[in-house]
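Hi,

Here is the structure I promised to pass on.

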Amino acid sequence: MASGSHAQSTLPNAPLPETSTRQTPKHRFEGHQSSIKSFVFLHDSVHIVSGSLDGTMRKWDCDTGLLVGEPWKGKGRGIWVLALSPDGITIACGREDGSVQRWNTDGEMIEGVWMGHSGNVRSLSWSPTGSHLASGCKDGTILIRKAESGEVAVGPIKTNQHLVYSVAYSPSGDRIASGGLNGTICIWDSNTGKLLVGPIEDLGATVTSVVWSSDGSKLYSASDELARVFDSVSGTLLHGFPHNDPLWSVALSPKHNVLACVGDEGAAQLWDTESYEPLGHPFRQDSGASHYFVSLSPDGRYLACGGNDKKVTLWFVHDIAPQLALSCLDVSTLTFTHRPAHRTIIGRCYRVSGR
């Protein structure tokens, strides 16, 4: 078994300035009756499906801000986590009773509810090919199932993390990272369940979120007031991103070198993953609600957060960090007419068309 490692490295100890901008969200999706722990952007970057401790899922339209259809209701009590399959067709749902359900994106539950955990399912992650689904549980175990049948292929992996708050498949699919209640990170062989790296210790508090870089060389995490980035092979701490409040969730933009961090008191901050510098300003909800989950749309345009205010709040990324929209604008390639131009953000660039 891999030996443990400690996250001892020079970390920035200066928190972000208390000054923050009050950004105006594009939409606030309201309707859930309890905290929102997870949601997914669909592949069209237009729709979001949210899951709540009220036991329901809801589909939202990012263009109109409206609920699509009726709430999706299923058995198993509160929803702790959702995960969208790589092909964008299936949403896995982890519930309080230890079950894992699968739904299509129109709100129809797929036959067959998977049991096997003895506590609520706190985390889910699909393998890159969509052939397997990993689930982390309050009982401290990880199960890796065949997605087609629900048969357990690996596990239960006994992590000794007390509660597996977060799991994430590596981009290559051969490793799974887990973050635990005991403030550790472990990296496992997804084919055998063998511990490869860690436990990485001294992370201050529960590791509530882990996410891999697109090339699999780095692993980002949220715990206490720091987001951290590690070398995924050695477990060496590379950098820490300081915040003024405890963090709950981190996410990487699919279009920019950007890390999004959210946490208590509604704080949210974007960071450049290459320079380690903050992008834009910290911004907070007027209500000061805690954000439990953050995600960016596949096209990189939107950032959304959900939390204990029972809402999903949606922003344009370029409203938070305007430099992302302008960083690759090449004016020489643009053709203007005498008519006003309608600008649409595509990744880091403007696409300009008359209207």
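**Aromatic residues and a surface patch**

F39, F41 and F293 make up one aromatic cluster. This is a predicted model, where local features need pLDDT of at least 70, side-chain atom pairs count only at pLDDT 80 or more, and totals for chains, interfaces and linings use all residues. Numbering runs from 1 along each chain as its sequence is written, and side-chain values use heavy atoms, with hydrogens and water left out.

There are nine aromatic pairs in the structure (Phe, Tyr or Trp rings, the six-membered one for Trp, with centres within 6.5 Å; planes under 30 degrees apart are stacked, over 60 edge-to-face, the rest tilted). F39 and F41 have ring centres 6.4 Å apart and planes at 75 degrees, so they pair edge-to-face. Buried or exposed, F39? Buried, at a relative accessible area of 1%. F41 is buried too, at 6% (buried is under 20%, exposed over 50%, partly exposed in between, with a 1.4 Å probe and protein chains only).

Two charges sit over rings (NZ of Lys or CZ of Arg within 6 Å of the ring centre and within 35 degrees of the ring normal). K37 is over the face of Y292, 3.8 Å from the ring centre, and R122 is over the face of W80, at 3.7 Å.

M115 is partly exposed, at 47%.

Cheers
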